[in-house]
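Hi,

Here is the structure I promised to hand over. Have a look at it first, and then read my notes below.

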Amino acid sequence: MKIQERTGAGAGRSASPAQPPVGDRLPSPPRERKPALAALAVLLILVGALGATMLVLRAGDRVEVVKVTADIQAGESVGNKVTSVMVAADDSINYIEWSQLGALKKLKAKSTIYTNTVVMGQMFAAQEQIPEGKASVGVALKEGQYPAGVKPGDIVAAYRVGSSSSSSSSSSSSSGDSADKDTSSSASGGAIVPDARVNGVADDGDSTVSTGNKSFTLLVDEADAAALASAAAAGEVAIVRVPGN
């Protein structure tokens, strides 16, 4: 009887093992911390913020400088062919600031300065710079002795256009090699100077009355300067525009 009672008492028990309570879960392993990656992320954020700040500061550091609005030939001043433009400040570039325009107008261009060029100090000098082997000759011409629209920078040829009497008198004179050269050039129809560069153009006479007379400054080879100056003094020069402009 005792054996049966023990068996019956054990029959009501479940064969499955007892489950732990819901709240009693196994602890998860601790997460591995990576301080080096965190420091790198912070450093990248700081570098980006610093770069953005520097760009903003540089964009705001600007100066007003001179820019030319039309071509300026060697030996010319800027005159009124200028405007102002804002550029980023840079101590390594010799900009001419807009406040220095008055002083700049007293200087002469060393070489041709083209439209939309931002002006720098080394482009100008106190006196006109004449290239080696060249000479600057002034000629005063009447209307009809030059083509319309001639401007600084143009390439022209200068011809002798004396009267027949002056041509015959110059043909009969033989006072040197230069005179023979001028006579032969006139007789053959050749130019005194085949390729002179116009460095300056100015109107003659009263500003309220247009006489049609103009003064031209021509840059020529030094060997041709005497012949051109002699013809110009006699009023026997005409210029024409030639290819090369």
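**What I found**

Let's start with Leu 44, which lies in helix α2 (residues 35–60); helices here are DSSP runs of H or I with at least four residues, strands are runs of E with at least two, and both are numbered from the N terminus. Before going on, note that this is a predicted model, where local features need pLDDT of at least 70, side-chain atom pairs count only at pLDDT 80 or more, and totals for chains, interfaces and linings use all residues. Residues are numbered from 1 along each chain as its sequence is written, and side-chain values use heavy atoms, with hydrogens and water left out.

Back to Leu 44: this residue is exposed, with a relative accessible area of 57%. The areas come from the Shrake-Rupley method with a 1.4 Å probe, and for residues only the protein chains shown count as cover.

Now the whole chain. There are 6 helices and 9 strands, and 25% of the 245 residues count as buried. The chain exposes about 16,500 Å², with carbon and sulfur atoms supplying 56% of it. Of the contacts (heavy atoms within 4.5 Å) with a separation of 6 or more, 70% are between residues 24 or more positions apart.

On to charges. Side chains of opposite charge can pair when their charged atoms come close. Counting a salt bridge as a side-chain nitrogen of Lys or Arg within 4 Å of a carboxyl oxygen of Asp or Glu, the chain has 5 salt bridges. One of them pairs Lys 134 with Asp 221, the closest N and O atoms being 2.7 Å apart. That pair links distant parts of the chain, with Lys 134 in strand β5 (residues 134–141) and Asp 221 in strand β8 (residues 214–221), 87 residues apart. Lys 134 is partly exposed at 32% relative accessible area, and Asp 221 is partly exposed at 32%.

Which residues does Asp 154 bring together in one network? Arg 241 forms a salt bridge with Asp 154, with the closest N and O atoms 3.5 Å apart, and salt bridges that share partners join Lys 151, Asp 154 and Arg 241. In the bridge between Lys 151 and Asp 154, the closest N and O atoms are 3.4 Å apart. Asp 154 is buried, at 4% relative accessibility, whereas Arg 241 is partly exposed at 37%.

Last, the rings. The structure holds 1 aromatic pair: the rings of Tyr 146 and Phe 216 have their centres 5.3 Å apart and their planes at 55°, so the pair is tilted. (Rings of Phe, Tyr and Trp, the latter by its six-membered ring, pair if their centres lie within 6.5 Å; planes under 30 degrees apart are stacked, over 60 edge-to-face, and the rest tilted.) Both Tyr 146 and Phe 216 are buried.

Cheers

Key:
Buried means under 20% relative accessible area, exposed over 50%, partly exposed in between (1.4 Å probe, protein chains only).
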